[in-house]
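Work through the exercises below with the sequence and the model side by side, and try each task before reading its solution.

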Amino acid sequence: MSELWRFDAIGTRWEIETAEPITDQTRTLIGAVIDGFDEEWSRFRPDSLVSRLAAHGGEAAAPADAVAMLDAYLELDAATAGAVNPLVGESLARRGYDAAYSFVDRGPSPAPSWQQVLEWDAQTLRLARPALLDVGALGKGRLVDLVAKILAGSVAGDFVVDASGDMAVRGGPVRVGLEHPFDPSRAIGVFEVEDAALCASATNRRAWGEGLHHVLDARTGVPVRTIAATWALASDAMHADAAATALFFDGGPELAADWGVSWVRMTTDGTVEWSVDQKAELFL
């Protein structure tokens, strides 16, 4: 590929590689889509829609992505018996992963039972009482899909959108190493990604304090202890991202099978597990 565009957004590093140069108009459009998503869904911005609802509850015009993402959360919740919950934001904040990045642990707190509190349709997003949304289980994947859609309509040839662990590829194949969660200098395998999306999650990322990291069981507010890293290959990044989250819990493999997602995961004792149809080359 001939063009590599790097930038920082939503608290992470992005790399967009294309076969042809990206026009200024396309760059501006991608920037606007990322900013708009952040203004609606970020729990780290005091001016976001999520922060306003967290303060007062009530209702607002539904973001364009609300139905797609929250409908997927229904499946995540059902598959994991409530371990994945979009109202886990306050639970994360209490463990120190808050808007100020205090990293001060105030103890575990279960997330609210969200389906009795949160309502949505194509027009309206409604919270019956103040609560802190966190769409981290699939939101970055959704945003990768939005950026990929813009590129698909504006540049010819292959491209890769990589948002630090969540990526979409048109064309390919692109070989992607699976970083060892206990030794980032090593890979446990390689996925070849072709016209697909690959998302990863690991407890050594966004980690702080003793045993604290960003993957919480929403039922308890306690970080997961049995799975160290997951990788999921799907036709789009939102479902790959969601499956990568679900794979930290019982029920995740079954959901991935229902969605046609190929996956690999490593437990905290170093055991590597994979789906029946997994397509990675593993170095075991």
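The model is predicted, so local features need pLDDT of at least 70 and side-chain atom pairs count only at pLDDT 80 or more, while totals for chains, interfaces and linings use all residues. Residues are numbered from 1 along each chain as its sequence is written, and side-chain values use heavy atoms, with hydrogens and water left out.

**Exercise 1.** Find where threonine 80 lies, and decide whether threonine 80 is buried or exposed.

Solution. Begin with the position: threonine 80 belongs to the loop between α3 (66-79) and α4 (89-94), where helices are DSSP runs of H or I with at least four residues and strands are runs of E with at least two, numbered from the N terminus. Next take the relative accessible area of threonine 80, which is 1%. Buried means under 20%, exposed over 50% and partly exposed in between, with a 1.4 Å probe and protein chains only, so threonine 80 is buried. Finally, look for its contacts (heavy atoms within 4.5 Å): leaving aside neighbours within four places in sequence, threonine 80 touches Arg219, Ala246, Phe249 and Asp250.

**Exercise 2.** Classify the ring pair of tyrosine 73 and tryptophan 114, and state which parts this pair ties together.

Solution. A pair of aromatic rings is described by the distance of the centres and the angle of the planes. Rings of Phe, Tyr and Trp (its six-membered ring) pair if their centres lie within 6.5 Å, and planes under 30 degrees apart count as stacked, over 60 as edge-to-face and the rest as tilted. A search of the whole structure finds 10 aromatic pairs. For tyrosine 73 and tryptophan 114 the centres are 6.4 Å apart and the planes are at 70°, so this pair is edge-to-face. Because tyrosine 73 lies in helix α3 and tryptophan 114 in the loop between α4 and β4 (118-120), the pair ties together parts that are 41 residues apart in sequence. Both tyrosine 73 and tryptophan 114 are buried.

**Exercise 3.** Classify the pair of tyrosine 101 and phenylalanine 103, and say which cluster holds these rings.

Solution. With 6.1 Å from centre to centre and 45° between the planes, tyrosine 101 and phenylalanine 103 form a tilted pair. Tyrosine 101 has a relative accessibility of 41% and so counts as partly exposed; phenylalanine 103, at 41%, also counts as partly exposed. Ring pairs link Phe44, Tyr97, Tyr101, Phe103 and Trp208 into a cluster.
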